[in-house]
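Here is a briefing for a first look at this structure. Start with the view below, then read the points by topic.

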Amino acid sequence: MNGTRLFFFAAILIVTLAITIWASRRTTTTSEFFAAGRSVTGRQNGLAIAGDLMSAATFLGFTGLIYLSGFDGWVLATAAIFSFLLILMLFAERMRNAGQYTIADVLSFRLSRRPVRAAAATTTLVVVIFYLVAQLVGAGLLVRALTGMSFVPAVILTGVAMLGYVVFGGMLATTWVQIVKAVMLLMVGAAMTVAILWQFHFNVLDLFDSAAANHPLGDKYLGPGGSNPNPLNTLSAGVAYAIGTAALPHILIRFFTVPDAQAARRSVGWAVGLIGAFFVMTSIIGYGARALLPAGSEEATAGGNLAAPLLAQHLGGGEGTFGGDVFIALVSAVAFATILAVVAGLLLSASGAISHDLWFNVFRPNAGAAEREGTAVARISALAVGVVAILLTILLGDSLNVALLVGLALSVAASANFPALVLCMGWRRFNTPGALVGILGGLAAAVVLIMLGPQVWPGGESAAPFPLTFPVLVSIPFGFFCCWLGTVLTPRRVEDESTYYELLVRSQAGIGAEEPTSH
Amino acid sequence: MPFSPTPPVVDYRAVAHSAGFQNLVARRRGFVALALGLAVAWFGGFLLLTSYAHGFMQTVIAPGLTVAYVLGLSQFVLVWCLAAAYLRTSRRVFDPMQVAVAAAVSTGTTEARA
């Protein structure tokens with residue numbers, strides 16, 4: 001293996017390991033394990049949320065899509081940034097005010113606790129497992145392509161690092177690994193952007209024009225339609241990213257780590273600024289790869305995913321030069337750090353769903369959250385989910401379609417979590433059967449339609465009974481419909497509506513919200 | 001610390017019906033409805049054009065610049081502006097109203113809506 005790359009990859013592992021050791025000394029109680037003692041500041045949390053969104057899928061995936069087919073790749077970035085308005089105005093402050101550790105806290109707040117919690121924990125686990133496997137497959141492919149290590153050891157290495165951060169360092173380690181990575185990725189992205197624009201005398205339009213000249217589509221490469229002949233597919237992909245991103249469990253749980261709702265709100269402000277800047281840079285990097293990489297590099301980019309690292313090598317002076325070696329090693333190592341940080345956050349949210357929701361509130365509601373037992377169960381759940389995800393990844397192998405898994409995760413989050421979350425905060429009549437039918441109906445619709453869709457159904461696009469890759473255009477309205485149907489078919493219950501007032505006052509005015517613990 | 005969602009001292013129904021609280025909720029909902037309505041219309045329109053109006057979106061305004069890129073970039077600008085407006089309004093308007101509601105609860109002077 002190439003020495004420069006080994007050096008950077010090792011540096012990433014050493015830095016994150018040091019963070020974990022530091023964090024593990026400050027993680028003993030349940031609140032510290034899941035919510036970093038609610039001591040993360042708004043700006044730190046904003047960086048961590050930005051880090052969650054600046055994943056390998058967006059850094060390598062979006063730039064690769066733009067490199068291959070142009071504007072279509074960037075539409076998903078605009079959808080993801082839009083979702084942050086939903087997070088800011090609908091969820092951030094309310095999650096902090098009404099919840100403790102998990103989404104299910106908010107959903108089950110005013111409804112019958114055990115069944116709704118079990119349903120919400122189930123969708124969290126489905127979303128997280130698919131997202132986790134997608135990221136681990138991506139990690140295996142990336143590490144294999146960049147270091148020559150084979151797929152299975154690469155997945156195990158990533159998985160073990162992820163388990164280390166979460167099991168020993170909890171939310172504090174997960175947050176700081178994410179923050180460090182977010183800063184590195186923003187710096188690398190900015191350096192690449194400046195290096196690209198330098199070649200075009202800082203004239204962005206010159207860059208775009210050169211990119212179009214290098215693509216067989218010509219000027220059409222700078223507009224939509226380069227990859228997707230079916231307009232409904234473009235539309236549904238946009239909706240899946242716009243709504244699904246806002247209901248992802250590993251992003252929403254970050255609002256439990258700040259001291260109060262004001263900090264939760266400010267953290268979204270930071271995240272929106274940073275992610276927006278990063279996504280604008282991905283358009284420069286993606287088009288830059290088209291403008292600067294030699295013709296016929298498509299093969300070498302492995303489906304577009306390595307366009308950014310290859311461009312870094314080119315910008316540093318090309319293959320075999322010292323500058324080229326260092327820049328590609330740096331970008332690759334940061335991409336690796338991105339995957340490590342994102343999978344850690346995912347694993348932590350799954351651990352919350354198992355230990356806090358299922359173990360302490362469904363199976364053993366009377367046990368009382370004994371602190372010792374609390375973190376022990378949480379750590380064991382993290383270990384179990386992590387091992388299952390690693391085994392699934394190895395079992396399913398490197399042929400798995402990463403985009404499909406991310407699509408499934410986003411579709412489930414959008415169809416099962418989003419309607420119930422919106423309605424439980426805004427509709428007084430909403431009740432337990434409504435939430436149950438809505439969550440399970442949305443989950444079932446999303447999963448079944450993906451099975452019937454062109455990516456899974458044998459025979460592909462022409463044979464599939466359901467034409468769309470992302471089922472959200474059908475499954476989100478169906479989720480809302482199920483919430484409504486389950487509610488109106490059952491009698492009004494006074495308790496469900498009186499707790500509505502409690503949730504309303506608590507979420508809107510912060511009265512009774514979880515207090516930050518002092519250190 | 002055990003999870004206790006119902007501290008017994010607060011009469012949530014009374015707070016929910018107090019004038020101060022209802023005013024807070026109404027103003028925040030009004031702002032959010034307006035801002036999200038605008039954003040949904042702008043982003044939804046962009047997404048529909050991207051999906052169905054390839055010819056229009058591929059129109060070249062200046063060499064290298066298409067309608068699609070300008071409208072795409074405008075999504076970021078709109079999200080930044082609306083987020084900044086929400087943060088500013090929260091700090092200046094909603095937070096003080098929230099403090100007043102909480103103060104009325106802790107001193108037991110929550111007044112019912114006339």
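The expected span of a helix is 1.5 Å times one less than its number of residues. The model is predicted.

- Helix H14 of chain A covers residues 322-363, which is 42 residues.
- From first C-alpha to last, H14(A) reaches 58 Å, close to the expected 62 Å.
- Of the 42 residues of H14(A), 35 are buried, so this helix is largely enclosed by the rest of the structure.
- Helix H8 of chain A, residues 151-199, has 49 residues.
- The end C-alpha atoms of H8(A) are only 36 Å apart, short of the 72 Å that a straight helix would reach.
- Where does H8(A) bend? The place is A:Gly169, and the bend is about 130 degrees.

**The loop after H8(A)**

- A:His201 follows H8(A) and sits in the loop between H8 and helix H9 (204-213) of chain A.
- The phi of A:His201 is near 50 degrees, a positive value in a residue other than glycine.
- Is A:His201 buried or exposed? It is exposed, because 8 other C-beta atoms lie within 10 Å, and 12 or fewer counts as exposed.
- A:Phe202 also has its place in the loop between H8 and H9 of chain A.
- The phi of A:Phe202 is positive too, near 60 degrees, and this residue is not glycine.
- A:Phe202 is exposed, with 11 other C-beta atoms within 10 Å.

**A helix pair in chain A**

- Helix H5 (residues 72-98) and helix H12 (residues 261-292) of chain A have axes that come within 9 Å.
- These axes cross at roughly 175 degrees.
- H5(A) and H12(A) are therefore roughly antiparallel to each other, since angles over 145 degrees count that way.
- On the H5(A) side, the contact residues include A:Trp74, A:Ile81, A:Phe84 and A:Arg96.
- On the H12(A) side, they include A:Arg265, A:Val268, A:Gly276 and A:Phe279.
- By class, the contact of H5(A) with H12(A) has 15 nonpolar, six polar and three charged residues.

**A buried glycine**

- A:Gly434 lies in helix H17 of chain A, residues 432-452.
- A:Gly434 is buried, because 27 other C-beta atoms lie within 10 Å and the cut-off is 20 or more.
- Which residues touch A:Gly434, leaving aside its neighbours within four places in sequence? They are A:Cys483, A:Trp484, A:Gly486 and A:Thr487.
- A:Phe481 is 47 residues from A:Gly434 along the chain, and their C-alpha atoms are separated by 9.4 Å.

- Chain B has four helices and two strands, in the order α-α-α-β-β-α from the N terminus on.
- Of the 114 residues in chain B, 31% are buried.
- Among contacts in chain B with a separation of 6 or more, 70% join residues 24 or more positions apart.
- Between the chains, 49 residues of chain B are in contact with 50 residues of chain A.
- Elements of chain B that each supply at least two residues to this side include helix H2 (19-52), strand S1 (60-62) and helix H4 (67-107).
- H4(B) gives the most to the side of chain B that touches chain A, with 17 residues.
- The residues of that side divide into 36 nonpolar, eleven polar and two charged.

Technical notes. Residues are numbered from 1 along each chain as its sequence is written. Chains are lettered from A and ligands numbered from 1 in the order in which they are written. This is a predicted model: local features need pLDDT of at least 70, side-chain atom pairs count only at pLDDT 80 or more; totals for chains, interfaces and linings use all residues. The bend at a residue is the angle between axes fitted to the seven residues ending there and the seven starting there. Two residues are in contact if their C-beta atoms, placed from the backbone, lie within 7 Å. Ala, Val, Leu, Ile, Met, Phe, Trp, Tyr, Cys and Pro count as nonpolar, Asp, Glu, Lys and Arg as charged, and the others, Gly among them, as polar. Axes are lines fitted to C-alpha atoms, for helices over the stretch in contact, and angles run from 0 to 180 degrees between N-to-C directions. Angles under 35 degrees count as roughly parallel, over 145 as roughly antiparallel, 65 to 115 as roughly perpendicular and the rest as oblique.
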